[in-house]
Amino acid sequence: MNMTDQMILDLPARKTQGRADFLITDSNADAVAWLDRWPDWPGHALCLYGPEGSGKSHLLHWWCAQTNARRLTPAQLLDADVTELAALGAVALDNAGPAAGSKAAAEPLLHLYNLLREQGGYLLLAARQPPRQWQVSLPDLRSRLLAAPAVGIQAPDDRLLVAVMAKMFADRQVRVGPNVLSYLATRIERSFAAAETAVMKLDRTSLSGRRPITVPLARMAMAAEEKND
Amino acid sequence: MDQEYAGQWQRVCTRLRSEFGDAAYNSWLRPLMFERIDEGMAHLQAPTRFMRDWVLSHYGERIRAFWQAEDKTVREIKIAVHSGADRAAPGAADRNDTGVATDNTPTPVRAAALESRALRMGSALDSRYQFDSFVVGRSNELAYAAARRVADTASVNFNPLFLYGGVGLGKTHLMHAIAWHIHERDPGREVIYLSAERFMYQFVRALRDRETMAFKQVFRSADVLMIDDVQFFSRKDSTQEEFFHTFNELVDQNKQIVISADRSPSDLEDVEERIRSRLGWGLVVDIHQTDFELRLGILEAKLARANVGDFPPKVLEFLAHRITSNVRELEGALNRLIAHSHLVGRPINLEMTQEALQDLLRANDRRVTIEEIQKKVAQHFNIRLADMHSARRARAVARPRQVAMYLAKQLTTRSLPEIGRKFGGRDHTTVMHAVKRIEELRQTDATLAEDIDLLRRMLEG
């Protein structure tokens with residue numbers, strides 16, 4: 001950062017996470033449909049996978065609100081009493097891939113899976129990769145996970161990419177025109193992470209230079225990024 | 001009077017159904033059971049606590065309002081969780097319209113002959129797991145015969161029956177089937193089925209609550225004790241000790257014991273030597289991996305039960321051929337496929353199967369690269385790879401190049417400028433034009449559309 005740049009505080013943007021804030025396109029329609037279909041699932045568990053930033057957390061949040069489910073991180077799973085968790089009836093686990101693959105968490109997860117099944121509860125697992133690619137060494141758990149339906153969120157299509165960036169700007173209380181969004185969408189990698197980086201970059205450039213976000217500014221920010229690559 | 005109340009409940013149900021729709025009604029409201037009306041309080045029962053809470057928070061107010069419209073004296077609704085001794089799975093038979101939904105919830109029925117304490121101790125039995133739903137093949141016929149023998153005869157022929165095999169091959173199915181069968185044939189006999197983890201948990205709780213005497217009494221009064229997955233008895237010495245005593249006492253009384261594990265008794269490293277050898281005294285039966293015929297048979301049997309209409313035999317063969325790991329995963333794949341077809345409203349065919357089960361069928365998450373796309377497309381159209389980067393604009397090379405750009409846009413996440421760079425330093429607008437052009441041509445040129453589908457399948461593997 002050079003001296004003329006304005007200091008920017010890295011405040012996390014406040015995200016809106018309701019169902020109505022979620023744009024449905026071809027990339028995520030299947031995932032949304034599976035969650036909407038709950039509790040009419042073919043089994044009691046469902047795996048949701050998709051790249052970073054693809055909206056898994058958003059969907060998880062929404063599903064938990066719908067079902068009064070407890071949302072857990074792998075660390076919380078280790079600390080929890082599995083029978084008490086199962087008694088809640090619905091549980092969502094974030095980062096389920098690493099959890100299922102870890103020595104310590106695999107057994108509690110297996111027991112949670114079994115207990116929820118026995119008691120007519122539900123389990124939603126979210127991860128970046130489909131279960132087939134999780135490194136699960138406990139065979140009982142592995143076969144259960146592979147038998148559960150898995151639904152993926154695909155890399156975003158252009159429409160979603162534009163919408164995602166629009167939402168990211170809105171979460172930052174920034175207003176941008178559609179021309180800026182389509183400018184960005186045709187130039188960045190087709191991923192949620194790239195969209196996030198581009199938005200952050202542009203927001204910072206705009207704040208530090210006290211300039212509105214326009215196509216020329218976007219061009220400048222992208223050029224700076226390419227140089228850095 | 002009760003008749004009258006039951007009639008009121010029927011009418012409340014009808015109104016709930018028309019207000020919330022069939023799906024919500026079938027999922028949440030149909031499983032409720034009317035119990036009684038008592039001092040202005042309508043008592044209902046739900047199969048699980050979760051279901052009770054859900055119904056109360058989402059439908060409670062409407063149920064109350066509808067009921068009050070029927071009968072002014074009803075002021076409150078109370079839902080209890082019923083013990084589940086005399087009721088089948090929630091709406092099981094009624095939910096065939098979604099094909100697989102009947103597979104959803106295991107029946108909360110435990111062998112009803114068990115006294116209440118045993119009821120709490122045992123695990124729930126799944127009503128789908130019966131002998132007539134078990135498909136027999138070469139790999140499991142011995143285990144099946146042994147399980148039938150245990151279920152059919154009151155005298156003990158071998159003790160214990162030790163079933164072992166890889167995960168998802170039907171051990172639990174056979175144990176549940178034994179319990180169901182005995183319960184039907186001879187309800188007076190006490191059957192306790194539970195998982196090893198549940199046994200451990202119950203024992204630890206009994207220790208904590210100083211109820212070990214009661215614990216011992218329950219298990220030692222069983223006529224048939226079945227413990228599933230004993231490989232989870234890991235190094236917890238006091239539990240193993242307790243298990244061993246129970247085991248010996250039941251054997252002494254000539255009561256039947258059935259044990260399952262994922263490995264043979266001698267391979268249970270975490271189990272004490274004396275217990276291991278004791279487990280191997282009776283009949284030890286191995287369930288082997290399935291073969292193609294058995295897998296196909298299992299799928300066919302499952303389809304017949306699920307009441308799914310037309311199902312292409314080719315797809316069944318494909319599943320039986322590709323998903324070889326175990327029965328659980330095989331059935332899981334079939335469930336997924338049927339649910340997916342309902343969800344997207346498309347008939348099941350081979351292509352849709354590959355798409356829906358993509359994550360399961362593909363061994364690794366190999367990402368397609370632009371270089372691969374260029375190579376495959378060049379081969380397919382019989383042009384030189386160098387032409388992907390060249391400035392030549394002859395149609396014979398320009399079109400395949402556009403196809404490759406189009407595929408690069410679809411199958412990779414690369415940005416348009418980067419795709420342009422990989423095609424001989426072209427501008428991103430050139431890539432955009434190519435994508436648009438191919439999208440248009442796909443609509444009108446069937447041959448090209450086929451070429452693209454083929455390339456896509458080859459690249460995605």
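Which residue forms a salt bridge with B:Lys216?

1. The partner is B:Glu242, with the closest N and O atoms 2.8 Å apart. The model is predicted. B:Lys216 sits in helix H7 (residues 212-220) of chain B and B:Glu242 in helix H8 (residues 237-252), so this pair ties together parts 26 residues apart in sequence.

2. Accessibility at this site: B:Lys216 is partly exposed, at 22% relative accessibility. B:Glu242 is buried, with a relative accessible area of 3%. The cut-off for buried is under 20%. The pair also belongs to a network: salt bridges that share partners join B:Lys216, B:Arg220, B:Glu242 and B:Glu249.

3. One contact crosses between chains. B:Arg414 forms a salt bridge with A:Glu189, and the closest N and O atoms are 3.0 Å apart. B:Arg414 lies in the loop between helix H16 (395-411) and helix H17 (416-422) of chain B, while A:Glu189 lies in the loop between helix H9 (178-185) and helix H10 (192-209) of chain A, so the pair joins two chains. B:Arg414 is partly exposed, with a relative accessible area of 33%. A:Glu189 is partly exposed too, at 28%.

4. Another pair stays within a helix. The side chains of B:Asp152 and B:Arg148 form a salt bridge, 3.6 Å from N to O. Both residues lie in helix H4 (residues 141-152) of chain B, 4 residues apart, about one turn of the helix. B:Asp152 is partly exposed, with a relative accessible area of 32%. B:Arg148 also counts as partly exposed, at 25%.

5. For the overall tally, a search of the whole structure finds 34 salt bridges over all chains.

Note on methods: Residues are numbered from 1 along each chain as its sequence is written. Chains are lettered from A and ligands numbered from 1 in the order in which they are written. This is a predicted model: local features need pLDDT of at least 70, side-chain atom pairs count only at pLDDT 80 or more; totals for chains, interfaces and linings use all residues. Side-chain values use heavy atoms; hydrogens and water are left out. A salt bridge is a side-chain nitrogen of Lys or Arg within 4 Å of a carboxyl oxygen of Asp or Glu. Buried means under 20% relative accessible area, exposed over 50%, partly exposed in between (1.4 Å probe, protein chains only).
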